[in-house]
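Me: I have a structure to read and have not seen it before. Please take me through it one feature at a time.

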Amino acid sequence: MSVIYLLISISIIVAAAFLYAFLRAVRTGQYDDDYTPSVRMLFDDELVTKSKPITNKEEQKPI
């Protein structure tokens, strides 16, 4: 029975160590994306059309 307690305590220590290593890597920017910004210029941009607002003068033109 004491072996089970030993294995559970060791597994909790190992899990805590992995959690600490993961959180430290995230905080230091280890998982930041450095590849996408360099190839972003190769992607096609979507065309954005701006509509011209209608003024009162344009509405009142004679037919």
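Me: How far can the coordinates be trusted, and where is confidence lowest and highest in the protein chain?

Reply: Where pLDDT is low, predicted coordinates should not be read in detail. This is a predicted model, and the protein chain has an average pLDDT of 82, with 70% of the residues scoring at least 70. Helix H3, residues 56–59, has the lowest confidence, with a mean of 58. The highest is in H1, at 97.

Me: How many helices and strands are there in the protein chain?

Reply: Start with the order of elements along the sequence. Here the pattern reads α-α-α, with three helices and zero strands.

Me: How do I check the length of H1 against what its residues should span?

Reply: Compare the expected span with the distance between the end C-alpha atoms. H1 has 26 residues, which at 1.5 Å a residue should span 38 Å. Its end C-alpha atoms are 38 Å apart, so the two values agree. After H1 comes glycine 29, which has a positive phi, near 85°.

Me: What share of the residues is buried?

Reply: Buried here stands for under 20% relative accessible area. Of the 63 residues in the protein chain, 3% are buried. The chain exposes about 6900 Å², and carbon and sulfur atoms supply 63% of that area.

Me: Which residues form a nonpolar patch on the surface?

Reply: Look for nonpolar side chains that share accessible area. In this model Met1, Ile4, Tyr5, Ile8 and Ile12 form such a patch, with about 590 Å² of accessible area together. Methionine 1 is in the segment before helix H1, which covers 2–27. Its relative accessible area is 69%, so methionine 1 is exposed.

Me: Which rings form the aromatic pair, and why is the pair tilted?

Reply: Take the distance between ring centres and the angle between planes. The structure holds one aromatic pair. The ring centres of phenylalanine 22 and tyrosine 31 are 6.0 Å apart and the planes are at 45°, so the pair is tilted. Phenylalanine 22 is partly exposed, at 42% relative accessible area, while tyrosine 31 counts as exposed, at 56%.

Technical notes. Residues numbered from 1 in each chain as written. Predicted model: local features only at pLDDT ≥ 70, side-chain atom pairs only at ≥ 80, totals over all residues. Heavy atoms only, no water. Patch = residues over 30% accessible without salt bridge, like charges linked within 9 Å, V, L, I, M, F, W, Y side chains within 5 Å. Areas by Shrake-Rupley, 256 points an atom, 1.4 Å probe, with all protein chains shown as cover. Salt bridge = Lys/Arg side-chain N within 4 Å of Asp/Glu carboxyl O. Helix = DSSP H or I, 4+ residues; strand = E, 2+ residues; numbered from the N terminus. Buried < 20%, exposed > 50% of the residue type's maximum accessible area, 1.4 Å probe, protein only. pLDDT = per-residue confidence, 0-100. Phe/Tyr/Trp six-rings, centres within 6.5 Å; stacked < 30°, edge-to-face > 60°. Expected span 1.5 Å × (residues − 1).
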